[in-house]
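Me: I have a chain open in my viewer and would like to talk it through with you. Shall we go over it piece by piece?

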Amino acid sequence: MPRSLLRTRRPRGLALAATALLATALAVVHPTPALAWGPGAEPTQPYALPALPDVPKRGCQSTVADPAAPTGGTNALQVIYAWHDGNGNNYEANVEYLAKVVDRIDWAFDQSSNYDQHLNLSCRTGYDTSTYAGYARSLVVPEKIEAGTNPNTPAGTVRSDLISAGYQDSNRIYLVFTDFASNSDAYLCPTGGTSSGVHCSAVTESWTVGVGGHELFHVLGAPHAWFAETGQPYYQDIMYGWWDNWNVDPGFRTYYDPSELSAQFYIDNHPSTTLGNIANHPMLTTPVCCDSGASNDLLTAEQRTVEAATPGSTTSTFTSAGGWHQVTPACGVAANSCVYSDGRRSVQFNTYSGPHNASSIALSSRPAVTPGRTYKAFARLRSTTAVDAQLQLAWYNAGGTLLSTTSGSTSTVTGSWVEYRVTGTAPANAASVRVTVAVPNQSTTGNHALNVDSLQLDDCSANTGGVCRYDS
Ligand SMILES: [Zn+2]
């Protein structure tokens, strides 16, 4: 179980932020006094967040008389406004703004995927929650941090105060907005509240979805989503790049898959063996299909990740032609593929000795499609010898006859796990699609070994605005 403290600096420059985050899986980054706190710029990818007045009111799911002793309350998130004498108590001026930020974090979480899933929010009695003013004061609780001082109060000081005040209950996790300069960080609590022995809280000086949401998703169990084998390049996702992306795990493969709750993902890089899927977190509602969101996926977790198959074995998840395939063999680490992108397994396609015209590896089963809708397939590819490859969407009718094929551009695959894509619209009479990685014209002699991982098939037409999942 990860119990690491994950810290986030405010992004005053991308290089600085990236440096800070790359070092944070288990390490403590030396706090840098922040220059300002409060509202800030929000990420705009995959599309702009709604203006705060337009964000739906999430409302209360667990209402208790004393938020510091929510005995008998159902699992929920407690939101706290933390202040100290250095900057004073500005609760009344900020409480409704902070409630709107929480509503927007909930909106962003729900809007990340085509599943309806929300935060459970804790409220206190004594307010008329039918009005926004009453709801905000019921949702956001003020707490004075007695030991807090200017210019910078560490998150650890905030946590010590909260624990002393009783805010450490097993049926609560905490999101704390500081009204003073602080660092922003969080503890991972993937299974629930503070019974695990750490304070299951996100503390942030940034009153934004980008940073506040990022830290809250850490508490739910999302790490900085490493998805490349040791020694290989690191590829970012939302938990890494909060400054430009607000949505959660668009690939459905690193820590969040609402479509398959039994799916578990390696949420840290090797040698950690921790598995997780925050869609199961008790502070969240059960995900329900289907609404509109930023991304979706038509594949199974096994098709995306190959994680259930045995290294070195064939897998019926894939079919190959002009070559043969296997789950990439183990090397060095027992039971693990030695080459992978998003977990511990990938599939390896070995072409027969060329030159020849067409060899390919494809998903054996064909997801259903609807004519006129747009689809986008993704895969990460890697090869130790340069080989030209392309992604294809092959459209079939209900009788299983190939109608046409949409081919992506041909690229030379090299030793890095680059993501490739192809976008196409299902033609008339299409009923299903085959996702294929093709070596369309192997002009060089000899065999090639192509590693394939991190597949996805996005139904762009089902996403908000008909926008395809963005490239990563
Ligand atoms: Zn972080």
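Predicted model: local features only at pLDDT ≥ 70, side-chain atom pairs only at ≥ 80, totals over all residues.

Me: Thanks! Is Cys290 buried or exposed?

Reply: The cut-off for exposed is a relative accessible area over 50%. Cys290 has a value of 53%, so Cys290 counts as exposed.

Me: What is the handedness of the disulfide of Cys289 and Cys290?

Reply: Cys289 and Cys290 are joined by a disulfide, with 1.4 Å between their sulfur atoms. The torsion about the S-S bond is about 50 degrees, so this disulfide is right-handed.

Me: How many disulfides are there?

Reply: A pair of cysteine sulfur atoms counts when they lie within 2.5 Å. Counting along the chain, the bonded cysteines pair as 1-2, 3-4, 5-6, 7-8. By this rule the number of disulfides is four.

Me: Let's take Cys60 and Cys123. How many residues apart are they?

Reply: These two form a disulfide, with their sulfur atoms 2.1 Å apart. The pair links distant parts of the chain: Cys60 is in the loop between helix H1 (14-22) and strand E2 (62-64), while Cys123 belongs to strand E5, and the separation is 63 residues.

Me: Which handedness does the link of Cys60 and Cys123 have?

Reply: Cys60 is partly exposed at 27% relative accessible area, while Cys123 is buried at 0%. The torsion about their S-S bond is about -80 degrees, so the disulfide is left-handed.

Me: And what is the handedness of the link between Cys460 and Cys468?

Reply: Both of these cysteines are buried. Their disulfide has an S to S distance of 2.1 Å. The angle about the S-S bond is 105 degrees, and the link is right-handed.

Me: Over to the metal. Which residues are the protein donors of the zinc ion?

Reply: The donors follow the spacing H-x3-H-x5-H along the chain. Two of them, His218 and His224, are buried. In each donor the atom is NE2, at 2.0 to 2.1 Å from the zinc ion, and the residues are His214, His218 and His224.

Me: One last stop, helix H3. Which elements do its buried residues pack against?

Reply: H3 spans residues 132-139 and is mostly covered, with six of its eight residues buried. Those six are Gly134, Tyr135, Ala136, Arg137, Ser138 and Leu139. They pack against strand E3 (76-83), helix H2 (91-111), strand E5 (122-124) and strand E6 (140-144).

Technical notes
Residues numbered from 1 in each chain as written. Heavy atoms only, no water. Buried < 20%, exposed > 50% of the residue type's maximum accessible area, 1.4 Å probe, protein only. Helix = DSSP H or I, 4+ residues; strand = E, 2+ residues; numbered from the N terminus. Contact = heavy atoms within 4.5 Å. Donors = N, O, S within 2.8 Å, 3.2 Å for Na, K, Ca; no water.
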